[in-house]
Each structure stands twice: as structure tokens, then as C-alpha cells.
Amino acid sequence: MELQQFAQAFSEFDNVLITDDKGCAIFYDLADLNILLEIGLTPDEFFHSTVTDNYQNLSPETSTVFQVIQTGQPVLYYEQQLTTLNGFSYLSLSSTYPIMEHGKAIGAIEFSKHFYETKQIKYLDNFLGHKLYRDNHTTYRLEDYITTNAEMKTQLEKARRSAQKSAPVLLTGETGTGKDIIAQGIHNESERYTKPFITLNCSTLTEDNIFTQLYGSGNEAKSGKLQEANGGTLLIDHLNLLDISLQAKLLHAVDIKVLNGEPLDIRYITTVNEDVDKLLAEKRLREDLFYRLNVLQIDLPPLRLRKEDIPLILDFYIQFYNEHTLQKNISYCNEVIQLFYAYHWPGNVRELKNALESAYNNLLGDEILVEHVPERIKKNVQHSTQSIMQNNQSGHLRDLTEAYERLIIAEKLRETDGRLAETARRLGISRQLLKYKCLKYELL
Ligand SMILES: Nc1ncnc2c1ncn2[C@@H]1O[C@H](COP(=O)(O)OP(=O)(O)O)[C@@H](O)[C@H]1O
Ligand SMILES: [Mg+2]
């Protein structure tokens, strides 16, 4: 196959599909997302489907992908009228190439362009703007969320089910627990995935800008978030950071059904990274707004309550970095995993990713060792007796007891947010003695 031909195929066609040797889609980049709607599959379902199953008139004999896999020969500039399962018909022009290994086709890559009849012109509306995960402003699907934790899997299942409805979703979870992944994942699994996913960041809203953020400014012809999100999803991010005095304005906005004479159809997903009951009790969140936005609540547990996910997430990112960097064989040693298990991860997966990135920056060889892990993590580790034994060189009782004392004090300090008097009271020692020990163990 000529490299030139390939390059030309890239520039002339709108859609790229790669299949395995059974004609099953393993990669696609479609400018023409409507086709998925007309086939009746979500983007995720399309991945595992076989081309011949998606069209009324495609069989192993008529499918270009199947032909190419069977013969090992490309089929170029082939014109074919295709009819989807929903009965939608269009002309497809495609060039399909085999992917060869040891003289055998192990898959196919197909570039295509679709032509509609003029009466189908409305399909071209979305066509220009939308390439999945690029122009709908998202990068994640629900299946990108890595977890093996039972509780988290239940929450993911809730998210998956919520995608089929348009009811508002409230996502709660500490910072870094992956709320963005879930929000985008719900959008991309819903029927709205061809429409925009827009974010309203509550932490930047003020008395002065909230109106233009929501409704745009007529004179500068700048559209607001409501209009931009119409038909799609509006993510109301960090609602807990929106000043209570502005919350009535937001409530008013989410109740609007018609804007500038056009009907508004928006799916609202809201995130908060603090405890909801606390927010309500402290009157930092209006109850009416809370009930309006919380029809379905999905709670993401913090990483410290699902530590079994740590090796999974580490392995995923290390494999990903190994695939995308020049150092291809990075691994980590057992002590690093022990250390990570012992740490409480206040910044959750974001912090874990940062720790890994920082270890990469300190790395000399191929193996990530404890010495490459950020100091902050090592200092704040909640060790078990066993790891104290393992990590202590002398093994003398005095050193071991001190190491243990240090951990107990560190843990109590954390419980009290670092308040010395309260920590001393809980430990039953004087404030002076606590202060002395904190200095000795470098805990302050
Ligand atoms: N379960 C997970 N699997 C893989 N990556 C994750 C997971 N949770 C979070 N991340 C990563 O951690 C970072 C923070 O996630 P994000 O969704 O922005 O958190 P939040 O919005 O809850 O603060 C992102 O880089 C995200 O890709
Ligand atoms: Mg976020």
C-alpha cells in the first residue's frame, strides 16, 4: 500500500473506522455522529458491534470491511448505498485497507464519506461541528473510570442508568475523585452525546458576571451558557462555592423553559465536593436549589475508602506513560505500593496521579522507589506496626516505639485539623509535651 494513498484518504474522508479480523469496531472517529443514532447504538455499544450487524443490507459478501479482510486486498473509492437498522439510507464512498501481519489480514481500516439526499439536509447541521470527544467538549467515557470497589461500581451503575433519563444528577465526592469523568461519561452515554457538554464553573461567578455567564450579553452578541448547552448537558461545577446570595439567580435560570423565543432543553449535572448535609445545615446551600438539582444523587467514595483501586490506577497510568514516553519499561517496587496503601490521599486520584508524575520526574532508572515519592506523602503516612518494623533499620525497641508514637501523634493531629490543644487533650498529655514531641518528630 502506498503511503501517499493513505495520506490522501485521511484528507479526503470524514470518518475513520478500524475493525478487527471479525469486522468488529475497535476504533472510530466519526464526523457523522448521526449515523450512530440512526443505527440505534450508543458510542460505547458501537465499539463492540460488527459492521454487518449495523446495516440492513450489509452481509459478509457486500461489506467492504469483510471483503478486505478475506482477500487481503484494499477496496478503493467504493460507492455503496447503505441502510441502517432504523431504515435510514445514505450513499457511502469508502476506501478500505487491510491491516496485515505475517501475510494475514488481522483487521481493516476504512475511510469514508457520506452523501445525503437533499431532503436529508438537516443531518448536515450537526455534521460540521461534532467529532465525538473533540467537539462536544469532552474527553471521557464512563468506562474510563477505573475501579474494582463494590460501592463505586454501584455508583457507576447508577450513573449508567441515569444516562438514559434527562433528570438532574447531583455528583458528590471530594476533590479528585473523578467527578468530571462521571459527568462527561453520563453525557456521552446519553442520547445527547452529539450535542454540547458545557461547564458553568461556580467558583468564578460573582454578582457582576453571573447574569452574562448564564444568559450572554445581547450587545456583544456573546451567548450565555444556557444557550450554548441547549439540547445538551450543562455541568454546574463546584456548586458549594457559589455564594448563597447568588443561588436564587441560578435557581431561576434552571427553571427557564424558553429563552429568546426558543425552547430550552438542558440536562443539568451538578457537582459538590463537600458534605451535602453540612452545606444545608450551615445554610450555604439553598434547600430549594438543592431539591431542584438533586433528583438522582451519585456519591463517589474517597480513595482512602477504596484503596484496592490504587494498584489498578497506578498500573493504568504507568502503562499509559510507557506507551507514550521514551522510557517504556517503568515499574514500581513493592514498598511504594505499601506506602501508597498507608497514605490517606486527601486529594484522591488527582493527588495519586501527581505523586506518580513527580516520581517520574525524580526517576533515574526504570523502577519507581520510595525515594522518588514526594516527601509530603512519606511524612504523613499512617503506618501499620508491620510496616514500621520493615521500615526501621535498627529494629531496636526504642526506635520502633518512637516511630509508632510519631504516627499516633500525626494521626491525631489530622483528626483535629492540627489544633494542638485539642490534640493534647485527646492524647491525655500537656500541650507543652505535645509541642516538644511535634518538634522532635518534625510534625509541625
Ligand atoms: N477512577 C479513576 N480512574 C482513572 N483516572 C481517574 C479516576 N478518578 C480520577 N481520575 C483522574 O484524576 C484526575 C482528577 O479527576 P476529576 O474528574 O477532575 O476529579 P474531580 O472533578 O472530582 O475533582 C483526572 O486526571 C482524572 O482523569
Ligand atoms: Mg472537577
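A polar side-chain atom of K353 sits 2.8 Å from an oxygen atom of ligand 1. The protein hides much of this ligand: alone, ligand 1 exposes 560 Å², and the protein buries 91% of that. Keep in mind that the model is predicted.

| Residue | Atom on the protein side | Distance |
|---|---|---|
| K353 | polar side-chain atom | 2.8 Å |
| G176 | polar backbone atom | 2.8 Å |
| R350 | N or O atom in the side chain | 3.0 Å |

G176 therefore uses its backbone, and each pair counts as a polar contact because its N or O atoms lie within 3.5 Å. R350 uses its side chain.

**The shell**

Now look at the surroundings. The shell around ligand 1 holds 16 residues. G176, K179, D180, Y317 and K353 come nearest. What classes of residue make up the shell? There are six nonpolar, four polar and six charged residues.

α7 spans 179-189, α15 spans 348-362, and each supplies at least two residues of the shell.

**The site**

Which pocket does ligand 1 take up? Its space is the largest pocket. Why does ligand 1 lie between domain 2 and domain 3? Domain 2 (142-301) and domain 3 (304-379) both give residues to the shell, so ligand 1 lies between them.

Note on methods. Residues are numbered from 1 along each chain as its sequence is written. Chains are lettered from A and ligands numbered from 1 in the order in which they are written. This is a predicted model: local features need pLDDT of at least 70, side-chain atom pairs count only at pLDDT 80 or more; totals for chains, interfaces and linings use all residues. Side-chain values use heavy atoms; hydrogens and water are left out. A residue is near a molecule or strand if one of its heavy atoms lies within 4 Å of it. A polar contact is a pair of N or O atoms within 3.5 Å; within protein, one must be able to donate a hydrogen and the other to accept it, and residues adjacent in sequence count only if both atoms are side-chain atoms. Accessible areas come from the Shrake-Rupley method with a 1.4 Å probe; for residues, only the protein chains shown count as cover. On a 1 Å grid over the protein atoms alone, a cavity is a set of points where a 1.4 Å probe fits but cannot get out, and a pocket is an open set with protein on both sides within 12 Å along at least five of seven lines; lining residues have an atom within 4 Å of a point. A molecule sits in a cavity or pocket if more than half of its atoms lie within 2 Å of its grid points. Helices (H or I, at least four residues) and strands (E, at least two) are DSSP runs, numbered from the N terminus. Ala, Val, Leu, Ile, Met, Phe, Trp, Tyr, Cys and Pro count as nonpolar, Asp, Glu, Lys and Arg as charged, and the others, Gly among them, as polar. Domain bounds come from an automatic or database domain assignment.
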